[in-house]
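Please keep the sequence and the 3D view open while reading.

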Amino acid sequence: MSESKWIPTVCYQCKAECAILARVEDGVVREVKGNPRARGKMCVKGMAGITTLYSQERLKHPMKRVGERGEGKFVRIGWDEAMNIMETKLRELRKRGEGHKFTYSMFPHSTSDPKWRFVNAMGGFITTGLPHCDSAKIMAHLHTFGCFPNHHIAPMYYTVPKGGVMILSGRHPFGCLDDACVPRDILDAKERGAKLVVIDPIFRTEAGKADWWIPIKPGGDAALFLGMCNHLLTKGLHDKAFCDKWVRPGDMDGLMAFIKDKTPAAMSRICDVPARDIVKLAEMCAAAPSVCVDAFKSIMYGNAMDWGHAWSIFLVITGNLDNPGGQPMPEIAPMAPVAPVPPPPNLKELGYHRTGPNRSRFDHYTFFLQPTWYAAQAVREGTLKVFFASECNPALSEMGSGEWREAMTLKDRNGNYALELFVLTEIMPSETMKWADLVLPDQTNFERWELLYMPWWYNFGHTAAVCQPVVKPVGESRHANRVMIDLGKRMFPEYFAFKDDVEYYDIELSGIGMSMRKMLDGGAIWSPGTVGFRKYEDTGRFNTPSGKIELEWKMYGDIGQQWPSPELPLEFRRDADKYPFILVNFRTIFLNNTGAWSQNNAQLRDPVSGIDANPVLLNPVDAARLGIADGDMVTVASATGSVRLPAALTERIKPGCAGLIHGFGQTMGKVASRGAWAGDNELIADAGSHLDEQDLRGGEAHVSTRVKITK
Ligand SMILES: Nc1nc2c(c(=O)[nH]1)N[C@H]1C(S)=C(S)[C@@H](COP(=O)(O)OP(=O)(O)OC[C@H]3O[C@@H](n4cnc5c(=O)[nH]c(N)nc54)[C@H](O)[C@@H]3O)O[C@H]1N2
Ligand SMILES: Nc1nc2c(c(=O)[nH]1)N[C@H]1C(S)=C(S)[C@@H](COP(=O)(O)OP(=O)(O)OC[C@H]3O[C@@H](n4cnc5c(=O)[nH]c(N)nc54)[C@H](O)[C@@H]3O)O[C@H]1N2
Ligand code: SF4
Ligand SMILES: [Mo]
């Protein structure tokens, strides 16, 4: 008789990492579902995780490049040889006094991810794809009300009361989940009598469920929210008691002076939302018991810090901080340090912060991780010599992907690559693999141990979660954490004195009175329960230098950025006559970013059940003017590139915008060969290359551009 068991672990078909149960029968994963102890749900991408695990595309052995970078030719090697190549090069780098010219682009699964520990021990710096998302939001919230730097703090929709307002302003939570529970929780809140307002240039699933859809001009969110702040403050509709008690003395006067000319009429001209609608939304928010705002894509443009700042001010003056249905202010789980802890690098001291000719002038904005585009810049500058990457695909995900590829193949006078070693850890062939010197086969979430405790998880059901192997690993795959711990043991034994990854996690868990054993006995998830609302009422302070809410960013006074600018991002203001359309890229539930693992997943890239095409969306009004009919082949061109695509005409997109799904472009692997389509980053310039002009206004990401469309 066959044995069948449900085993708790986590999903990793996307970075939400939901707690799940896997049904394993005779050593094979047959079924997956949400873990009910975490109010469990899974989405369609998650369900397709079994197809990823058993895909014929899985990388099974370490490989070494033969031929030139970019050709994608490899031979199989053993793990010993792979480890020796890495160790030899890293030792050589340190001997040359260039240990800091090493970086690892990764997705950290905890604030003390073992890969990160290795980078610190080596004296390297860290880049990651993460800051592309919403570092500006994190920094804005941190500057204003001292909320701990936290990746994506989604509103807790399950706490929204009757009458509460939920605003999605550049957010697609029904497809891009923070947790697979989110869509249910939003719809449940609506059922309870909460209102859903969707601000988006494209009418998407959320708009279909919303009480109100507001088609905004891309990049206009800062203007819209400043217009609302103007109305609330000038009409005295703001939460005066909250502001009196918690805002730093003097800041409200400064805000009043700043906001005076940001009238709904003036802001309407920037964001293209009628002034009466700005007023109506402001009054709706003032009358509601709670308001929450969620944004992601809209905060990835060149005015990201302005938008984050405007958003923070709006939350403050409406009194929506750490209240049910408002902006959560979660705390980080107090894990125990694994002593001795290698010191993190001082990036400023090493000269690693902004790249570009005017670096020193733009050094105000600091984030603790570096964006991935930094890698291409640093190779060119000669400050990056050894590059490790896992769980990312910069050859496609990088803005200005062409420049990234060029940097990887840059050679010195002697014909040697400027980047001396590039090691990629992947589960499947990816576009980026073509440029790697070493390719290491990773284990999926069904095969590896991992402790997750980044505090951004939406669901208080799992503040910490354990990913445990439920089946035997495929081929010779080894988890990247194990590989870096082994390399750490060889090179820095003092920092890697623990037995293995499981013992490392065990030590960390002791900080919250837990252990791996206890975690597994408790369903592989841990939560302190709710940490409570309005924690500042108990502590009497916000976590800012003054202990109060700091609306004015005085530290940016010298560059004139103490208050948010309502202007559109520079990339949308420039060349409007030459490139009349704003490119709006967006995501779909059927693809996870550029990921090989969703691109090559037959369950997701299927013409019947999933998304298998990426035409450019155009409004029929614009199309008629250009003489374009539905299905016509068109050229979409920007200042940096051009692609050919069929046009799909739809009234769901705001006139003046061209819509394209982000993530396509993968040419490696079998399933994707049914249609690679175009990657949006063929059109978008390298963020690092024009950072200087964008100054502080941007976060790390500049994920869009203007385009022109011709038949
Ligand atoms: N299925 C799936 N899930 C994912 C991902 C994925 O690729 N696929 N990626 C993950 C990652 S890394 C991230 S960062 C998140 C991203 O999650 P989101 O940002 O929510 O996803 P997008 O669909 O890119 O963008 C959301 C919406 O913003 C709209 N929009 C574009 N520009 C503007 C603007 O200027 N203002 C306003 N108000 N709206 C605008 C777009 O039309 C789109 O509908 O999703 C995560 N989850
Ligand atoms: N134009 C434009 N550019 C963008 C964006 C945009 O909206 N528009 N979005 C930006 C954003 S928000 C982000 S976060 C970045 C994301 O960009 P990246 O950080 O590069 O991430 P992905 O594109 O998701 O690629 C992830 C890779 O990890 C692999 N992978 C999956 N699971 C595993 C695993 O268990 N182990 C290993 N080793 N590998 C695994 C997948 O196969 C895939 O190739 O892109 C940014 N780039
Ligand atoms: S949102 Fe979906 S794909 Fe992402 S971790 Fe959760 S179940 Fe998996
Ligand atoms: Mo992201």
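Between domain 2 and domain 3 an area of about 2000 Å² is buried, with carbon and sulfur atoms giving 60% of it. On the domain 2 side, Ile202, Tyr301 and Gly302 lose the most area to domain 3, and together they make up 27% of what that side buries. The model is a predicted one, and the values below are computed from it.

**Domains and their interface**

- Elsewhere in the list of charged pairs, the side chains of Asp272 and Lys654 meet in a salt bridge with an N to O distance of 3.0 Å.

**Helix H13**

- Helix H13 runs over residues 304-317, and its 14 residues reach 20 Å from the first C-alpha to the last, which is close to the 20 Å expected at 1.5 Å a residue.
- The helix is mostly covered, with 14 of its 14 residues buried, and H13 is followed by Gly319, which has a positive phi near 65 degrees.

**Gln13 in its loop**

- Gln13 sits in the loop between strand S1 (4-10) and strand S2 (19-25), and it counts as buried because its relative accessibility is 4%, where the cut-off for buried is under 20%.
- The side chain of Gln13 reaches the backbone oxygen of Lys45 at 3.2 Å.
- Leaving aside residues up to four places away in sequence, Gln13 touches Lys45, Gly46, Ala48, Gly49, Thr52, Asn592, Trp597, Asn601 and Leu604.

**Salt bridges**

- A search of the whole structure finds 39 salt bridges, and a network of them links Lys89, Glu92, Arg96, Glu98, Lys101 and Glu420.
- Asp113 and Lys115 form a salt bridge whose closest N and O atoms are 3.2 Å apart; Asp113 is buried with a relative accessible area of 1%, and Lys115 is buried with a relative accessible area of 0%.
- Lys190 and Asp211 meet through their side chains in a salt bridge at 4.0 Å, N to O. Because Lys190 lies in helix H6 (residues 182-191) and Asp211 in the loop between helix H7 (205-209) and strand S10 (212-214), the pair ties together parts that are 21 residues apart in sequence.
- Within that pair, Lys190 counts as partly exposed at 26% relative accessibility, and Asp211 counts as partly exposed at 40%.
- Asp501 and Arg482 meet through their side chains in a salt bridge at 2.8 Å, N to O, and this pair links distant parts of the chain, with Asp501 in helix H18 (residues 501-509) and Arg482 in helix H17 (residues 480-491), 19 residues apart.
- In this pair Asp501 counts as buried at 2% relative accessibility, whereas Arg482 counts as partly exposed at 35%.

Key. Residues are numbered from 1 along each chain as its sequence is written. Chains are lettered from A and ligands numbered from 1 in the order in which they are written. This is a predicted model: local features need pLDDT of at least 70, side-chain atom pairs count only at pLDDT 80 or more; totals for chains, interfaces and linings use all residues. Side-chain values use heavy atoms; hydrogens and water are left out. Helices (H or I, at least four residues) and strands (E, at least two) are DSSP runs, numbered from the N terminus. The expected span of a helix is 1.5 Å times one less than its number of residues. Buried means under 20% relative accessible area, exposed over 50%, partly exposed in between (1.4 Å probe, protein chains only). Buried area is the accessible area (1.4 Å probe) that two parts lose on being put together, summed over both. A polar contact is a pair of N or O atoms within 3.5 Å; within protein, one must be able to donate a hydrogen and the other to accept it, and residues adjacent in sequence count only if both atoms are side-chain atoms. Contact means heavy atoms within 4.5 Å.
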